[in-house]
Each structure stands twice: as C-alpha cells, then as structure tokens.
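Reader: I should like to learn how to read the structure shown below. May we proceed feature by feature?

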Amino acid sequence: MVTPPFLLRSISLRPPAWHRWVLNVLYNFDLYTIDDWVGLMGDHLQRPGGATPMQTARYTVDALRHITALRSAIRILSKYGDPAAQSPLADAAIDLKHALEKLCEARDELLKAIGAERVKESD
C-alpha cells in the first residue's frame, strides 16, 4: 500500500473569505456604534445641566479609549502594511499619541476643577 503524499496548503496573501466577513462585520458594528455614541454624547452635553465637569471627563475618557484602540491599529498598519504608506502611517501614530496626551491633560484639568482624582461612574 502506498502512503499518499503530505498535502501542503498554498499560503494565500489574503485571509479566508469567512475571516474577511467577520472583520467587515466587526468594523461596521464598531463604526455605527461609535457614530451613535457621538450623537448621544452631543445630545446629552447640549441639554441643560448635561455638560458637568464629571460628565465631560467621562466622555473624554471614552474618547481616550477609542483613540488608544485606533492608535494601536495605525501602529500595526505602519509596521505590517504596504511599504508605500509606512512613513505616513508612522507619522499618524505619532500624531495620535500627541492627541492622547492632550486628551489626558483635558481630563486632568476637569478632574482638578471638581476636586476628584478619577472619573466616577455616576455623579
């Protein structure tokens, strides 16, 4: 009896179709969720009494989390993406780092204004 040869899979440059589908679903879900969050945040802050220092600090922390995730994505793109865009993407990651620093300063100023050390879940 002859043993069949070991089957080798060819290495594809693209992920499988199901993987791309999952990534597209997650991306679109996140995109719509963030858009909805921005709309609700804007509506809440424009109401009378909605723009308290603590609530503004909470939304600032939320924005920090989103930008931190985006910065990680940009760093991955600059490291593993097409070489034609590596330099501009690396610059974008640095710009996002500066934006994060400014957001942290804003959060700290808001917390100093209300005499708190950290953002609380509720007023």
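Reader: Among contacts in the chain between residues at least 6 apart in sequence, what percentage join residues at least 24 apart?

Author: Contact means heavy atoms within 4.5 Å. In this chain, 62% of the contacts between residues at least 6 apart in sequence join residues at least 24 apart. Please note that this is a predicted model, in which local features need pLDDT of at least 70 and side-chain atom pairs count only at pLDDT 80 or more, while totals for chains, interfaces and linings use all residues. Residues are numbered from 1 along each chain as its sequence is written, and side-chain values use heavy atoms, with hydrogens and water left out.

Reader: How many helices and strands has the chain?

Author: Helices (H or I, at least four residues) and strands (E, at least two) are DSSP runs, numbered from the N terminus. The chain has three helices and zero strands.

Reader: How does one check the span of helix α3?

Author: The expected span of a helix is 1.5 Å times one less than its number of residues. Helix α3 (residues 86-114) has 29 residues and should therefore span 42 Å, which agrees with the 42 Å between its end C-alpha atoms. After α3 comes Gly115, with a positive phi near 70°.

Reader: Which residues of α3 are buried?

Author: Buried means under 20% relative accessible area, exposed over 50%, and partly exposed in between (1.4 Å probe, protein chains only). In α3 the buried residues are Leu89, Ala93, Leu100 and Leu111, and their cover includes α2.

Reader: Which residues form the largest nonpolar core?

Author: In soluble globular proteins, nonpolar side chains tend to be buried together. A nonpolar core is a set of buried Ala, Val, Leu, Ile, Met, Phe, Trp, Tyr and Cys residues joined through side-chain atoms within 4.5 Å. Here the largest has five residues, namely Met54, Ala57, Val61, Leu111 and Val119. The most is given by α2, with three residues. Beyond its neighbours within four places in sequence, Ala57 is in contact with Leu110, Leu111 and Val119.

Reader: Where is Thr60 placed, and is Thr60 buried or exposed?

Author: Thr60 belongs to helix α2 (residues 53-80). Thr60 counts as buried because its relative accessibility is 12%. Leaving aside neighbours within four places in sequence, Thr60 is in contact with Leu103, Arg107 and Leu110. The side chain of Thr60 also reaches the backbone oxygen of Thr56 at 2.7 Å.

Terms used: Polar contact = N/O pair within 3.5 Å; in protein donor to acceptor, adjacent residues only side chain to side chain.
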